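User: I'm new to this one. Can you walk me through it, piece by piece?

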Amino acid sequence: MAEPGRPRRVSQGIAGTWPTGRTASAGGFAPVGSGLWPATVETLRVWARAETGAGRLLPWVPVAFGGGIALYFAADHEPVLWVVAATAVALMCGAVLLRRSRWFAPALLIAAVAAGLAMATWKTARIAHTVLAKPLYSVSLSGFVEARDIRERTDRFVLRVTAMEAQRSDVKLERVRLSVRKGTAPEVGSFVQLKARLLPPISPVRPGSYDFSRDMFFQGIGASGFVMGAITASVPPDAGGLRLRYAAFMQGLRDAIDARIRATLEGDNRAIATALLTGRRDAITTPVNDAMFISGLGHVLSISGYHMAVVAGVVFFAVRALLALIPALAAGFAIKKWSAAAALVAAAFYLLLSGAEVATQRSFFMTAEVLIAVMVDRRAITFRTLAVAALIVLAVAPEALVHPSFQMSFAATLGLVALVQIGMPNLFASPDHSTTARIALWGGREIAMLFLASLIAGLATTPYAAFHFHRVTPFGVLANLGAMPVVSALVMPAGLLGLLAAPFGLDGVFWWLMGIGIDWMIAVSRWVAGLPGAVGRIPAFGIGPLIAASLGVIVMGLLRTPLRWSGAVVLLAAILWGLSARQPDILIAGDGQSVAVRGRDGHLHLIRASKDGFLLKEWLAADADVRDAGSAALADGVSCDEAGCVTPLADGRLVALSLRIDALADDCSRAALVVTVRPAPPDCAAMVVDRQRLTRQGALALTQAGEGFAVLAVKARGANRPWSPAAAGEGVSELTLMPPSGAPRVRDATPSEADLAAED
């Protein structure tokens, strides 16, 4: 029987073997003697009919649904909920009415776009809460501890606020995230009173960088900060609710597992073992964490499809093997389905234990679909499985679409499903069925599949790693080939056996075995990370190339005919587009305390009045700069005194950071651009970026355009979103900076310190 969606081959004797000049095969080239153009058009039509055949529409529905969510996050202001909801309902009704028409497919996809927009709008309206706009320096808080993170240097917890008092502010927040000294974080579920300094959620450190404030908004957190003084536990006014009791129970379970692991393992081994089983990965030291990500093994630390598949697979085969030992059960009952049910329960428990992050949710839904398919005797790994999992995740958490975890997870899974559906049948097809050949080819094929899986997953996630983290992993396949067999065969099974043996006090040997495998994984990651060229740095590029690359990956993954290679053309164009992106000449922090200026050597030179290491690290990564935040070369060409700092642009014009108001007059007369958090004089002869502009637009990236600069801001012109409210009572800033018109400026004759030193 022909596979749905593929052209049916019809045998017509000699005519079927040697087509006439007026026909073309579905996947071939134009026959000799016929016109090339008509044959090409006919071939394209055959391919198009195959791609739009029965069963080929569903995988595109989550793509359209995600497109609607992307439109929501691209909007400048919040859509009107009832309008977008009514539009989505109307379009879905229209698609149902057209279900027997040839317009059904486009109507359904348009309705899916509208549904995605409506779902994201509804989710935001449902969780709407207050977001802190200005710092509060002494706030009295009371509330329940909902979550706790144990990190390398400090601990952190989320407080559900029941009472809040602040001087000269009546703002009321629902949740805040607070940092404390290591070892002093209160227990989850406890009711505490404390004083804290609160800050608004972290805005992007440069235009185009990740928006942490958006993440915090969808987590229900309105501010971050740190505790001042002692934390006092007290009697709660109420029980806190079922959700809090569940969080306390799960946190206690994670702490108990961590304590059992700590009794056998220590250091990074203990931290990685805990991360693999509970999802808590903040305690991993920076050198090991960096080595894991540089080598391409960072995905092991984030619980996703691989971990869920290993857990479900180990439980499935273990239960099935045990049941097969009982002849009566093996002969009279469907033990395969029983094993699938047991694996589903284990996967659900693992989801809850690990914290149910987005990647873990996607993994669970896909794993659940596969296991349910086994229980109902249906084909398990298909594009439909992936499509349903994507729809469920996006419907539950539309904000996941803009998270790197979701993007990389689904891109890798799409590539792997395409490999299973298209590559595996070809790879495992062999005319030689001799026992010796099958044994020899088994090992070769398994190695080939492992190599291909690592290669395809790595290539599919490369655009997202380059966009979010500004780096690629050239030797990721090598690291995965070296480490993943040990992780699959030793680390994860030992961890699962350790969980089962812990209640009986027999878990120590399994943690020891797990530690041996983790030692090997760390050794492989450090070796690969130390290879020449292991750190592939990519300069920052805009969202346009990422969208184009995503489209290319989707087309290559979902299409079955040679039309899929059009996705490779789109992907290549996206790569060239991204690599040709121009880097800004000036970066200005949102608080006006740090400025990076591109000098004659093409590198950024830093002027800063604060010690924000995270900001500097992000700026250097986005510029593909090999220097670290402590490099003395960052200050080359920068001249500073108590009043401020200056440094030249590539064309010799000066950029000044004015720290004192009495320095503004001198800076305005000598510099081309002045950055200050003070009120600038109205007759300043320089271009000015002041506090008013930074409040409206956030961090800025300036690119030279003639005598002035083109401005790219974190807050787009007119933007006003719940996680990034527009500043009240402020005007609209222009998208360019131009020198003030008036009398010609006096040319500065002061030589630089570097030039004077060279002359001496």
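**Strands and disulfides**

Analyst: Strands E9 and E10 form a hairpin with five residues between them, and Gly602 in the turn has a positive phi of about 85°. Strands (E, at least two residues) and helices (H or I, at least four) are DSSP runs, numbered from the N terminus.

User: What kind of model is this, and how are residues numbered?

Analyst: This is a predicted model, where local features need pLDDT of at least 70, side-chain atom pairs count only at pLDDT 80 or more, and totals for chains, interfaces and linings use all residues. Residues are numbered from 1 along each chain as its sequence is written, and side-chain values use heavy atoms, with hydrogens and water left out.

User: Back to E9 and E10. How many bridges join them?

Analyst: Five bridges join E9 to E10 (residues 604–608). The two run antiparallel. Two strands pair if DSSP finds at least two bridges between them. Val595 has Ile607 in E10 as its bridge partner.

User: And which way does E8 run against E9?

Analyst: Antiparallel, with three bridges joining E8 (residues 586–588) to E9. Ile586 stands opposite Val597 in E9. E8 and E9 also form a hairpin, with five residues between them. Gly592 in that turn has a positive phi of about 70°.

User: Why is E9 largely enclosed?

Analyst: Five of the five residues of E9 (residues 594–598) are buried, so the strand is largely enclosed by the rest of the structure. Buried means under 20% relative accessible area, exposed over 50%, and partly exposed in between (1.4 Å probe, protein chains only).

User: Which residues sit on each face?

Analyst: Ser594, Ala596 and Arg598 are on one side. Val595 and Val597 are on the other.

User: New topic. How many disulfides?

Analyst: Two. The rule is a pair of cysteine sulfur atoms within 2.5 Å. One joins Cys640 to Cys645, S to S 2.0 Å. Cys668 and Cys684 form a disulfide too, with sulfur atoms 2.0 Å apart.

User: Is the Cys640 and Cys645 link right-handed or left-handed?

Analyst: Right-handed, with 115° about the S-S bond. Cys640 is exposed at 51% relative accessible area. Cys645 is buried at 8%.

User: And Cys668 with Cys684? What's the hand there?

Analyst: Left-handed, at -105° about the S-S bond. Cys668 lies in helix H22 (residues 664–670) and Cys684 in the loop between strands E14 (673–676) and E15 (687–689), so the pair ties together parts 16 residues apart in sequence. Both cysteines, Cys668 and Cys684, are buried.
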